[in-house]
Amino acid sequence: MNRLVAIDSHMSLDGESGSGDAGLMHRHRYRLHVQRIDATKNMARFYLLSIEPTLFGNISLVRNWGRMGTRGQERVHFFENEKEALTLFLDILREKRKKGYRPAPRCGNHRL
């Protein structure tokens, strides 16, 4: 006989953590997709920057770049706090803007 019994442990996986580690995760998402296209130079490049939490409570800055249509290369930097990661994020952004990179247009509802 197959009997269904409602089981509810009253514990949520989405709830607050009891260990007090909620403050370790950053509250803001920093994600940027820029590109540089110059048909006269056969140039079509992309650059992605993203600040993400690590599994160990630190912060990482993930950089992904390459020619459009390819997977590109990736590099990850690890930081003790979000402020350090954001400083590098902004430094890289300034450098890319000077080289002619501009925000990539959004297509439909797709969000990075």
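This is a predicted model: local features need pLDDT of at least 70, side-chain atom pairs count only at pLDDT 80 or more; totals for chains, interfaces and linings use all residues.
Contact here means heavy atoms within 4.5 Å, and angles between elements run from 0 to 180 degrees between N-to-C directions, with axes fitted to C-alpha atoms. Helix α1, residues 82-98, lies across β1, β2 (43-53), β3 (59-67), β4 and β5. Relative to β2, the helix runs at about 170 degrees.

Stepping back to the overall layout, the protein has one helix and five strands. Read from the N terminus on, the elements go β-β-β-β-α-β. Of the 112 residues, 24% count as buried. The protein exposes about 9,300 Å², and carbon and sulfur atoms supply 52% of that area. Looking at contacts between residues at least 6 apart in sequence, 41% join residues at least 24 apart.

Now for the sheet. The five strands form an open sheet with the order β4-β3-β2-β1-β5, and the pairing is antiparallel. The edges are taken by β4 (73-79) and β5 (102-103), each of which pairs on one side only.

Strand β1 covers residues 30-38 and pairs with β5 in the antiparallel sense over two bridges. In that pairing, glutamine 35 has arginine 102 of β5 as its bridge partner. Strands β1 and β2 are joined by nine bridges and also run antiparallel. There, tyrosine 30 finds its bridge partner in isoleucine 51 of β2. The hairpin made by β1 and β2 has four residues between the strands, and asparagine 42 takes a positive phi near 55 degrees in this hairpin.

What about the aromatic rings? The structure holds three aromatic pairs. In one of them, tyrosine 47 and tryptophan 65 are stacked, at 5.9 Å centre to centre and with 15 degrees between the planes. Tyrosine 47 lies in strand β2 and tryptophan 65 in strand β3, so this pair ties together parts that are 18 residues apart in sequence. As for cover, tyrosine 47 has 3% relative accessibility and counts as buried, whereas tryptophan 65, at 24%, counts as partly exposed.

Tyrosine 47 also pairs with tyrosine 101. The two ring centres are 6.4 Å apart and the planes stand at 75 degrees, so the pair is edge-to-face; the cut-off for that label is over 60 degrees. This pair links distant parts of the chain, with tyrosine 47 in strand β2 and tyrosine 101 in the loop between α1 and β5, 54 residues apart. Both tyrosine 47 and tyrosine 101 are buried. Put together, ring pairs link Tyr47, Trp65 and Tyr101 into a cluster.

Asparagine 64 sits in strand β3. With 14% relative accessibility, asparagine 64 counts as buried, because the cut-off for buried is under 20%. The side chain of asparagine 64 reaches the backbone oxygen of arginine 71 at 3.4 Å. Leaving aside residues up to four places away in sequence, asparagine 64 touches Phe46, Tyr47, Leu48, Arg71, Gly72, Gln73 and Glu74. One of these contacts, then, is with Tyr47, a member of the ring cluster.

Over in strand β4 there is valine 76. This residue has a relative accessible area of 35%, so valine 76 is partly exposed. Again not counting residues up to four places away in sequence, valine 76 touches Ser60, Leu61 and Val62. The C-alpha atoms of valine 76 and arginine 63 are separated by 6.2 Å, although the two residues are 13 apart along the chain.

Definitions and conventions:
Residues are numbered from 1 along each chain as its sequence is written. Side-chain values use heavy atoms; hydrogens and water are left out. Two strands pair if DSSP finds at least two bridges between them. Rings of Phe, Tyr and Trp (its six-membered ring) pair if their centres lie within 6.5 Å; planes under 30 degrees apart count as stacked, over 60 as edge-to-face and the rest as tilted. Buried means under 20% relative accessible area, exposed over 50%, partly exposed in between (1.4 Å probe, protein chains only). Accessible areas come from the Shrake-Rupley method with a 1.4 Å probe; for residues, only the protein chains shown count as cover. A polar contact is a pair of N or O atoms within 3.5 Å; within protein, one must be able to donate a hydrogen and the other to accept it, and residues adjacent in sequence count only if both atoms are side-chain atoms.
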